[in-house]
Amino acid sequence: MTPVDLQELTAMALEEIARADSLERLDEVRLRYLGRRDGLVTLAGQRLRELAPEQRAAFGQEFNRASGQLRSALETRQRQLAAGEEEQREDGEWVDMSHPFRSPEQGHSHPVAGLIREIEDIFAFLGYQSVAGPELEDDQHNFQLLNMPPEHPARDSHDTFYLSPPAGGWLYRTHTSPVQMRAMLASPPPLRIIVPGKVARRDNPDPTHTPVFHQVEGLCVDRGVTLGDLKGTLEYVIRALFGRERRVRLRASFFPYTEPSLEADVACAVCQGAGCRTCLQKGWIEILGSGMVHPAVLRNGGVDPETHSGFAFGMGPDRIAVLRYGLSDLRDLYENDLRLLECF
Amino acid sequence: MRVSHEWLGEMVELEGVEPAQVAELLTLSGTEVEKVTAYGLGLDRVLVGEVVGLRRVEGSDHLFLANVAVPGQEPREVICGADNLFLGALVPWARPGTRLPIGLEIGRKRLRGIWSEGMLCAPDELGLGSDHDGVLILSPDDAEAGMPLDRLYPADHLYELEVLSNRADCLSHWGVARELAALLSRPLRDPETSRPTRSASGPALRVNVASSTDCPVYLAEVLTGIRNVPAPAFVRRRLAAIGQRSLGGIVDLANYVMFEIGQPLHTFDLNRLPAPEQELEVGVRRGRHGESISCLDGVRRELDPETLVITVGDAPQAVAGLIGGEASAVGADTAQVLLEAANFNWARLRSTSRRLRLRTEASGRFERQLSPHLARVGADRFIHLAVRHLGATLGPRAEGGAPLTPAAAIRCDPRRISAILGMELSPVAVAGPLRRLQFEVREEGAEMLVTPSPYRTDVATAVDLAEEVGRIIGYQEVPGTLPPLRQAPPLEALAEPVARLTSTTCRAAGFSEAVSLSLVSSERDGLAPRLIGDLAHLELANPLSAQLGSLRQGLLQGLLQSAHHNQARGQDRVCLFEQGAAFWARGQERPEEPWMLALLDLADDTAEDGAARLRHLMALIASLSSAGGGGAVEFRPVAWPALHRARAAEVWAGSQLRGIVGEVARPVADAFDVRGRVEVAELRLDGWLKPGGRPGQAPPLPRTPALVLDLSVTVPIRALLGPGLQAIRALGLPELELVTPIDEYLGDQLGPGVKGWTLRLRLRHPERTLTTSEGDAARQAILRVLEREVGARAR
Ligand SMILES: [Zn+2]
């Protein structure tokens, strides 16, 4: 055999490698040419000994080149064939990836409950603990300790559900503010709490009223707390809830348990402040009431108004949910229609 | 309350101030402007015309043809549909080419063969309120043909105000002007008053106030020689602008003063009061049982000792501060009046108004704690106007009540006000807004002595002054800051329930979060399965309806209602949970408010599929307990009201009953109009689960291999797995790490009345590998226990 024969052999082998159409075939080709014992190229290599010493070096080089070329061709073809076979296997396991799969196993949040959790998270960041208080209260905690004696005009807006005897001494709280009092009585300042919970007022159900609804109360009592602190806190929270761009304004107001008292409005998202049906042509939507805790209320809570001050606020997550999610009827929040819940 | 820009402008200079700016200033300072409406804009283009001819349009039953004239021009023909025209009437005439303020373009129109030259206008067409009853008829006292209408109705804007409940002073133009003067830093011009000389004519007068608590001030003034002619045009125009009808000169002036100064006045026709024997004695006292009075609105009202009445010669003439009596009402022929300017106790008026179900402009003001100092101003203003415009002469006067106490001065440190507001304010910056509000400020060293305006009843302390300064400067000027964060210990006593953990766990298990009203019908609530049974419901004393008349004892009735709602809207699977307070009565004691969780899984499926859903629910309860640190739960089969008799269990954790779980009995599902199988649970979470779970203790984690074995047995078909597993655990095998049921099966090859269980056992020794024979020994021990406890046999 001469180097020329070896070249021919190699050419034949390369052609067969190219023609092999399965890994099995390719393996047969490999054995035929490079088989350890009787591969044709292997055998050719063994002829080296028969050659004259001066021919050996050239043949050896030729042999190494040929077998190297074959090995790499085999490897390349093998990779090609293996990939092809994996493709075929995967093709056989076809899935309609356009199918709108939905996990039936994941439940959804209630819009208001979810919003309350969001509000809790925002306040947790500012160091507020979320606490709870009873939903049934006495007149003392719901009104009197909050600077609303019997016949106080501010009670007008708190149309109250009273319980029948023998539980006649109890009422359904009309706001979460009594928990302010409970918190002050339970612990000396500093206090930083929010109180999400249900309240009730005697309003017939209609698109903008439900007799039971939610409030989130907040209270911060410490040395040297200012109205500026209230303003900064509300602005932070409202921006966190409604977005950085949303305009906020504070308006003087009146609540018996705060002095000074403020209400916060956000610009109406529907009309951007121009006035529309959603905002009753005002351009602004009222979202919370707040103020500096009235000295009399601090005193009722065992806090000395000479050394300490505080602010309090109350917001309505039901209304905020209606605004944020574009609901048209507050009552929808209490129907638990899955078509609505599934959006949250 | 509605106020007029033009009227306010008489008391504070509003030149160059746009209505939108007024609205914003008032709103931000606490008097919310709900609406601004233009009134009488563009009326310079409408002329006053005189009707000089009038006839029906032929062939029409409702159209009239009027000949309308203005001086120096030929009369024109105008067709009109209103039937209140008459010859000589002065009417607003919009000629062709006029554009009315409401946007209407007036043209020459041909109707029934006649060219109509424009339009005779009703008030609403001119933007003068909503009246559309007929053409606006102008009084010849004010109007003359040819004059442009804006001479009678100058352009104005009306503000609809929402006045805060502690600001009775803002229920008047004067009060609102006082605010604007402070907000705009412009001077306040008080309405003109004068004290004309008193003539001796008229009866002697005495006022007798029974209690100065009920009535701190009562001023009575006699005015004689009155001509009850229409009030001057500006009075009628302003009253009309704010929506008040004209009721004759005397009543109009009294109303005008109320809307201007804020002091309600009442005028009695002196000649219609019981004739005095010697002197006219006006009394203010409580009503008596059996007394009654016929009121101005034609209604006869019973009096009682809770009601305050005005009497003359002891006969009731008015319900104090609320409504006058019919008998002494002012009429067209009234020539002498007894004027009342008084102040009545706000709480008394509130309760009277509520009891009589009557609210008037007067009572609405008294109820909000009107300043008693206003009575004098109101009386003087009325006298001034009545003398000038109705020709009145001032007669005798008398007064009752307690001497007026001047407003008390408030001592305050301007630094305290800075500290409350959180902004640096110099003493001058503090005093400025207060002075602009007509407060008197005297500096005393570092402190200030501030006397609020006598017309403000809401300012008594230093924090009240801080609010005044803040709102007049404007809260937009206060820099927003965050309070320094100081350590506040957690409030254990009011710790929040496990709401968040529960919600996350239930949602992860495929249940959606529901929220229901806590008010229910006790009947429906009683039907639903609930953890507490046989307990009377807490009832509302003043419910809106029976459907919302009681407090819920459990949460499942709400979920069953929601299940029905969803099923009726085409949902075939409904998985919901709700958590919240339930309410359990304890007699007179504070009711108990357990924090409950209810779960519901509804589908119209087979008994077998229902059982699978029930098992899923029970698995969720177990994982919830483990997440909330509630320990291992145990389900004890039980018969429970409203649940399936063979599919109900109590949920126990430790030695406590924590809830119930099961399938709703079919009649109960029927009662809630729900089809299919409803798997439910109700659990009481407080006292059981903790928001963060309980801190765990890491077990040893030996590196030795586990020996995992399966044990298959047959047991009687109704054998209970729970007690079986408990018995295995009670065996206390030290190497038994875990036993898990992995299969339960029925089959022909097992024979009748039996079923198969396969349990997987995981055994491990902490130090060495267990041998097969040790495994077999454990398996044998367990088998023996199961034989004894549940009648198992090896398979
Ligand atoms: Zn809007």
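Mentor: A salt bridge is a side-chain nitrogen of Lys or Arg within 4 Å of a carboxyl oxygen of Asp or Glu. This is a predicted model, and by that rule the count comes to 87 salt bridges over all chains.

Trainee: Which residue meets Arg388(B) in a salt bridge?

Mentor: The partner is Glu192(B), and the N to O distance is 3.3 Å. Glu192(B) lies in the loop between helix 3 (173-184) and strand 11 (204-209) of chain B, while Arg388(B) belongs to helix 8 of chain B, so the pair ties together parts that are 196 residues apart in sequence.

Trainee: Is each of the two side buried, partly exposed or exposed?

Mentor: Glu192(B) is partly exposed, with a relative accessible area of 46%. Arg388(B), at 53% relative accessibility, counts as exposed.

Trainee: What does Arg573(B) pair with, and where do the partners lie?

Mentor: Arg573(B) and Asp601(B) meet through their side chains in a salt bridge of 2.8 Å, N to O. Arg573(B) is in strand 28 (residues 573-581) of chain B and Asp601(B) in strand 29 (residues 595-603) of chain B, so parts 28 residues apart in sequence are tied together. Arg573(B) is partly exposed, with a relative accessible area of 40%, whereas Asp601(B) is buried, with a value of 0%.

Trainee: Are Arg647(B) and Glu663(B) buried or exposed?

Mentor: Arg647(B) counts as buried at 18% relative accessibility, and Glu663(B) counts as buried at 2%. Their side chains meet in a salt bridge (2.8 Å, N to O). This pair links strand 31 (residues 643-653) of chain B, which holds Arg647(B), with strand 32 (residues 656-664) of chain B, which holds Glu663(B); the two residues are 16 apart.

Trainee: Which residues are joined into one network by salt bridges that share partners?

Mentor: The network consists of Arg249(A), Arg251(A), Glu263(A), Asp265(A), Lys282(A), Glu286(A), Glu32(B) and Glu34(B).

Trainee: Now a helix. What span should helix 8 of chain A have?

Mentor: At 1.5 Å a residue, the 16 residues of this helix (residues 227-242) should span 22 Å, and the end C-alpha atoms are 22 Å apart, which agrees.

Trainee: What is found at the start of helix 8 of chain A, and what follows the helix?

Mentor: At the start, a side-chain oxygen of Thr226(A) reaches to within 3.2 Å of the backbone nitrogen of Gly228(A). The helix is followed by Gly243(A), whose phi is positive, near 105 degrees.

Trainee: How many residues has the largest nonpolar core?

Mentor: That core has 173 residues, and those with the most contacts inside it include Met315(A), Tyr218(B) and Phe344(B). Its largest share, 9 residues, comes from helix 8 (residues 374-390) of chain B. Apart from this core lies another, of 32 residues, among them Leu341(A) and Ile532(B).

Trainee: Which residues is Phe344(B) in contact with, leaving aside neighbours within four places in sequence?

Mentor: They include Cys215(B), Tyr218(B), Val284(B), Ile310(B) and Phe366(B).

Trainee: How is chain A divided into domains?

Mentor: Chain A has domain 1 (3-91) and domain 2 (111-341). The C-alpha centres of these two domains of chain A lie 84 Å apart.

Key: Residues numbered from 1 in each chain as written. Chains lettered and ligands numbered in written order. Predicted model: local features only at pLDDT ≥ 70, side-chain atom pairs only at ≥ 80, totals over all residues. Heavy atoms only, no water. Core = buried A, V, L, I, M, F, W, Y, C linked by side-chain atoms within 4.5 Å. Buried < 20%, exposed > 50% of the residue type's maximum accessible area, 1.4 Å probe, protein only. Helix = DSSP H or I, 4+ residues; strand = E, 2+ residues; numbered from the N terminus. Contact = heavy atoms within 4.5 Å. Expected span 1.5 Å × (residues − 1). Polar contact = N/O pair within 3.5 Å; in protein donor to acceptor, adjacent residues only side chain to side chain. Domains from an automatic or database assignment.
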